[in-house]
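Work through the exercises below with the sequence and the structure open. Each task is followed by a solution in steps.

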Amino acid sequence: MFPEDLFGWLKGTQQVAYGKALRAAGSEAKFLDVLTAALDKPLEHGGGMLNILRNGVQYIGGGRLKMAQFRPETSLNATTNEQYAAMRVRVMRQVHFSTADRRSVDLVFFVNGLPVATVELKTDFTQSLDEAINQYRKNRNPLTNGRSEPLLSFGHRALVHFAVSNDLAAMTTRLEGEKTHFLPFNTGHDAGAGNPPGAGGRSATAYLWERVWEKHAWLNIIGRLMIVETKEEWDVATGTSVRRTSMLFPRFHQWEAVTDIVAAVSEEGVGQRYLIEHSAGSGKTNTIAWTAHRLARLHVDDEKVFDSVIVVVDRTVLDGQLQEAIRQIDGSGKIVATISPEDVRKAGAKSKSGLLATALKNGELIIAVTVQTFPFALDEIRVDKGLKGKRFAVIADEAHSSQSGQISAKLKAVLTAEEVEEIEEGGSVDVEAILASEMTERAESKNISYLAFTATPKNKTLELFGRKGPDGKPVEFHLYSMRQAIEEGYILDVLRGYQSYDTALKIAGQAESGDGAEVVEEAAARKGLMRWVKLHPTNIGQKVQIVVEHFHANVAHLLEGKAKAMVVTDSRKAAVKYKKAIDAFIAKRAAQDTSYNYRTLVAFSGSVTMADDEEWVSDWGPQPSKDDEFTEANLNPGAGSDLAAAFKGTTYKIMLVADKFQTGFDQPLLSAMYVDKKLSGVAAVQTLSRLNRTHRTAGGEQKRKTFVIDFVNKPEDIRTAFEPYFTNATLETETDPYVVFHLAAKLAQAGIYTPEQVREVAGLWITRKGNNALSAAISPARYEFSRRYATAIEADDKVTLNTLDLFRKDVSTLVRLYDFMSQIVDYGDPYMEMLSIFLRLLEKVVADSSWAAEVDLSDVVLVGVKHSKGTAVDISLTGDGELKGIGAAGTGTRKEPKYVALQVVIDKMNDLFGAESFTASQVREFVQGLVQRLLTYPNLINQTRVNSKKQFVESQDFQAAVTEAVVDNQEAHNTMADYFFSDGPGISAVVMALADAFYEAAIDQPTNG
């Protein structure tokens, strides 16, 4: 603390009360003790810096003393204006923060002597932003040897921590050692991440001190924007509800949008329109809450600008998020009136429109309505004489849509024929269409300001809300682009995982025709197409097989086995058939392999009947008559009426939809989408964007990968649809699977890494050895790259610099292509899998941004080894027999294992193979080959000496060795070996039986000397 500022402000603003409180406390030190105790109380009990600055502290003798006065809305109250003018904002350099040692932080910001922020500064010439972040992670822990560091403890002193270099900035509100998560705090550049280069002697991050840390702006953020959020979150891993408290500091684009809107409205007055184009992942709900609050309280020249602010939101937001955010930043009780059936009942009103009229007449500051109620609000404003001359702001979030059977004539006028047809099929009407229909039929209202928040504005929305740009075309008022959200890591790029089925077939064709056969000899002794590519999508039955096989091979094991998929069908009838077909196929596959235990849901509105001559397959159940009705309820027995909630849990993995859940549906576990519907324009963007939510599982696995298999659309049409919202959208169209080998060979030629390093890094990765071990293992390659780069810079050797830049690009390309191609082609080469792991990590450490900093590799999450489900990643990576470090072969003579135990293994194998027809002698040969191979591992034999059979059978070491032996024994029988790379219960039964047989054989082996 800086007591001089605190006591100075209190004396100057509340002299009498402060004098009494000080006398009662007995000394300045005791006075500070009371303040410290209040700061140290839990945030949810009214403690912490933000609560104290906003609400003051209760003192015996002095009552509640204010610790700050934020800017009053008007100049009418002389006292509060004088108190605000007296506010003391100070920055101090090199502040020693630790109670345990002499560590200091570069800058600390104080408000009235109380610390509110810390900053670590780095200059790019010597250090980077990553170094500042690492400093916070490693040396700015809220605990030192178990003792608390008050300045750094979450929410109790400093509210936010900034890491800043000349070029970039990031911030966090919670320091928690290595787990600390920093968010970018940059202005954006060329519709992407980062900042425009500095100019005129100013650094690229000058906006921080010029705009964000400017005294009035800074106090406004602390007083009116920061929020403490306590959420009940469902923990999928434990199946329980957990309370999590977090503190929200606005991201740069949120702060800038709110600030710019308030400035524009203050200058332009009421009656204008504003289009705020903020991508998914931008935190729109909070931006809307902040905007609504600022506009509801806004005064210009001591005159209130709006009588009421109407916010059009969906049900869930209506139920709490908006009110809670606004309650915290306003503190004056209930300033949000909601209009819902529940509210109508409570108020004893006759109808929603009646309650709405009352709220409008009473001048409620903020009125939250749903899409359905919104047109009534506009009608009310138009016809009610009591509202004449009143002024309103309307804030609408396009992401919300309403299920609607009827379409009004004025709504039809603004919809395309396809949209009308879709709505009649049971689709939803979005807010944009309703706004457009209301506004096109009347002239601009001088007493209403409209603010439309949208991620994907349609042309109509741009025409209605946009402002004329330099070329005369309408443009948005404020932009946070999809590209910036992707580059900053808030959402995933769904186009990276997009492939049309045609492309997959072309790749498969190239693989089968053996183009580049000479490469195959060395690098892909065993090459096969993934099962799903061999099927042909001629009808729903075939498409369902493709969906299930692709999901099983590529998706099901992601996110600790919790990943989900969506199938987008083109009509409600198709959705019903898909549901029948997929359930029948899964049942059939599960009978052969129990790991296909996926359950599905189907979502559409209303009910569907089939014509008498409807195409129907006997596997789907009896042919329905034209009187049989299909509904969500009878097709999803036991799922309940809230399908979104049912899909949230662990029971259901695949959801089939017809014009439902394609917009506004938020399910972070959704990792794959299978599209069997023509999509174009905004609908294509909104539908595929269901996959873009990021997610981190309880075990730390991050969602990094999404899949789209499209049966209907052309890649160029999808790219065109994304282009307006995502500048430079790219899709993977490479169709030659051999490019992967060519690139791998080219990278190896550079001599920056060796195969031994690749194996070592992959081994550490698979066994999850942590960041330090990985950093050490990858550092030789990193050092070699940076040594060459530095030498080339010094010698001004442009050719070498270009070669190294190209190497960097090729690394990224290979990682991306391998992810893409290996869905389709089984490269069958464990080294390729290891190389993809190695290069994914190398990509991070040779990136432009990582020169001087230590790079954190712990969040580079590797997904999906091809044969595998779940943690079977380990499997195809132990392939070279060099990862597990098993010692040389023992000297004992081998002997035939006990027959009985061996027979059990063979029986289990036959259960596992199910429908595959292998002869008894093939299976026996394979199993005996495996056991013989395992008997050459002395470590295993020694383990049978010191462990009981039970301990040995359950050992992880044995499972790893089996995998290795299978790979070595693979040539004996490819197809059988493949089964070991699945992760179903069948395979674990085989491994257990194998352990038993091995134990029997090994205890007869002579002991190693």
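Two strands pair if DSSP finds at least two bridges between them; strands (E, at least two residues) and helices (H or I, at least four) are DSSP runs, numbered from the N terminus. The model is predicted, so local features need pLDDT of at least 70 and side-chain atom pairs count only at pLDDT 80 or more, while totals for chains, interfaces and linings use all residues. Residues are numbered from 1 along each chain as its sequence is written, and side-chain values use heavy atoms, with hydrogens and water left out.

**Exercise 1.** Give the strand order of the open sheet formed by six strands, and state which strands stand at the edges.

Solution. Step 1: the order is β3-β4-β5-β8-β9-β10, with mixed pairing. Step 2: β3 (89-96) and β10 (183-184) are the edge strands; each has a single partner strand, so one side of each lacks a neighbour in the sheet. Step 3: inside the sheet, β5 (residues 114-121) runs parallel to β8, and five bridges join them.

**Exercise 2.** Which strands does helix α6 touch, and what angle does its direction make with that of β8?

Solution. Step 1: contact means heavy atoms within 4.5 Å. Helix α6 (residues 129-139) packs on the sheet and touches β4 (104-111), β5, β8 and β9 (169-172). Step 2: axes are lines fitted to C-alpha atoms, for helices over the stretch in contact, and angles between N-to-C directions run from 0 to 180 degrees. For α6 and β8 the angle is about 145°. Step 3: helix α8 (residues 215-225) lies across β3, β4, β5 and β8, at about 85° to β4.

**Exercise 3.** Classify the aromatic pair of F162 and F249, and locate both residues.

Solution. Step 1: rings of Phe, Tyr and Trp (its six-membered ring) pair if their centres lie within 6.5 Å; planes under 30 degrees apart are stacked, over 60 edge-to-face, the rest tilted. The whole structure holds 28 aromatic pairs. In this one the centres are 5.7 Å apart and the planes make 85°, an edge-to-face pair. Step 2: F162 is in strand β8 (residues 160-164) and F249 in the loop between β12 (240-248) and α9 (252-268), so the pair ties together parts 87 residues apart in sequence. Step 3: buried means under 20% relative accessible area, exposed over 50%, partly exposed in between (1.4 Å probe, protein chains only). F162 is buried at 0%, and F249 is buried at 5%.
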